[in-house]
Amino acid sequence: MACDQASPMESPWRIREEFHINEDVGFALPDPLEELPKKYADWMFIAQNLPDLIKTGKLREEVEKLPELSIDDLEGHKLQRLAHLVLGYITMAYVWDRGDQDVRKVLPRNIAIPYCRISEMLKLPPILSYADCVLANWKKKDPSGPMTYENMEILFSFPGGDCGKGFFLVSLLVEIAAASAIKEIPIVINAIQHQDQATVKTELEKITGCLKEALEVFNQIHKYVDPNDFFNILRIYLSGWKNSSKLPEGLLYEGVWDTPKQFAGGSAGQSSTFQCFDILLGIRQIAGGQEAEFLQEMRTYMPPAHQAFLRSLESAPSVRKFVQSSGDPGLLAAYDECVNAMVSLRDYHLQIVAKYIVIPNKTSEGPSETENKGTGGSANVVHFLKTIRNTTKTFLLKEG
């Protein structure tokens, strides 16, 4: 039954402060810190000089002679996120080093213990994740300048020249483009509570526009990321130790656990942005399928505040049911345009995977365990992404 206003018992739905979602940068960490306290200067030196240390063969030697430092001086969320990012870079470099067959199966206690402790504080896994290398790994060259690629830089780099900068910053700029759409979510949900079809339609159209803008930003990856550098160099350092033939049991964190642990590498599946729009639109992968299980697992790699936001959104009134029950052709069309925008992003992601993973793998020498495999550990990334894309299409309300 339609009503003009929400029930007195129904409080306005909002993005609460504890969800750590910024109006300008969305799920990204706003204005990340760039320097740890002087006590951690040796960590910073290694993280800031990874390419040179790897090239000269000194990286592992430098890591192994580090003192084991307490993390007690790392107070505040931003400082802890910076420490997690620094230790994540050092860990990936130590494990994979030059990216050949010489893989380390044990992370020394002088890094493992502080890394796992800071991870526990943040409730993040002890591996370099999307929350680290994309969301917390940036700065503006001119602090008063715009949030554009030309005015931005990453804090830390792997070998491969500017490939990492291109990959991480374009991913970040996609997040920022979508941030404008996140701001519309409370308006949509509150409009549903008031049975306000016109506002829901307007807001869905705004969200569609933001998602289309995110797709345009995504296109910059071709300009800034070389496929061969990504596949043959950067991708190695983003690989985790879950479903890995080189680390089949995982990585042993010395002094923390007695047995090796498996963690997935950084993956777009760890982005809260696209999972949140799936939830908003009621798009669900097939229950019990590997896609649904993988995306659910990837949530555990997100900052807890962002996981809490997704759970809150799941308990909000259903946009899809509201649109279906309205029977309004304009509202149905606006909803479908939004779903189609998600389909387009997933189509484009497939094209990127073909260019940056499938084709370079075919031209690489010898058999490769990385064939069609995502950095997050998905066994066949092309099949995986096609299934997600095709399932998304099934949520269109109008056929054809």
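Of the 400 residues in this chain, 55% are buried. Buried here means under 20% relative accessible area, with exposed over 50% and partly exposed in between, using a 1.4 Å probe and protein chains only. The model is predicted, so local features need pLDDT of at least 70 and side-chain atom pairs count only at pLDDT 80 or more, while totals for chains, interfaces and linings use all residues. Residues are numbered from 1 along each chain as its sequence is written, and side-chain values use heavy atoms, with hydrogens and water left out.

Overall fold next. The secondary structure comes to 17 helices and four strands. These are DSSP runs numbered from the N terminus: helices are H or I with at least four residues, strands are E with at least two. The radius of gyration is 22 Å, close to the 21 Å from the globule rule for 400 residues, so the chain is as compact as a globular protein of that length. That radius is taken over C-alpha atoms, and the rule is 2.2 Å times the number of residues to the power 0.38. Along the principal axes, the C-alpha atoms fill a box of roughly 70 × 50 × 45 Å.

On contacts, meaning heavy atoms within 4.5 Å: among those between residues at least 6 apart in sequence, 78% join residues at least 24 apart. The accessible surface is about 17800 Å², and carbon and sulfur atoms hold 50% of that. Areas come from the Shrake-Rupley method with a 1.4 Å probe; for residues, only the protein chains shown count as cover.

Now charges. There are 42 positive and 52 negative side chains, and the centres of the two sets lie 2 Å apart. Lys and Arg count as positive, Asp and Glu as negative, with His and the chain ends not counted. Each charge is placed at NZ of Lys, CZ of Arg, CG of Asp or CD of Glu.

How many salt bridges does that leave us with by the rule used here? The count is 17, where a salt bridge is a side-chain nitrogen of Lys or Arg within 4 Å of a carboxyl oxygen of Asp or Glu.

I will go through three of them. Arg 60 pairs with Asp 102, with the closest N and O atoms 2.8 Å apart. This pair links distant parts of the chain, 42 residues apart: Arg 60 is in helix H3 (residues 59-64), and Asp 102 is in the loop between helix H4 (77-96) and strand S1 (106-107). Arg 60 is buried at 7% relative accessible area, whereas Asp 102 is partly exposed at 39%. Asp 97 joins Arg 60 and Asp 102 in a network of salt bridges.

Lys 165 sits in helix H7 (residues 163-182) and Glu 153 in strand S3 (residues 152-154), so the pair ties together parts twelve residues apart in sequence. Lys 165 is buried at 12%; Glu 153 is partly exposed at 24%.

Arg 16 is partly exposed at 32%, and so is Glu 18 at 47%.

Last, backbone angles. Most residues other than glycine have a negative phi. His 20 lies in the segment before helix H1 (41-48) and is partly exposed at 41%. Lys 123 also has a positive phi, near 60°. Lys 123 is in the loop between helix H5 (109-122) and helix H6 (130-133), partly exposed at 49%.
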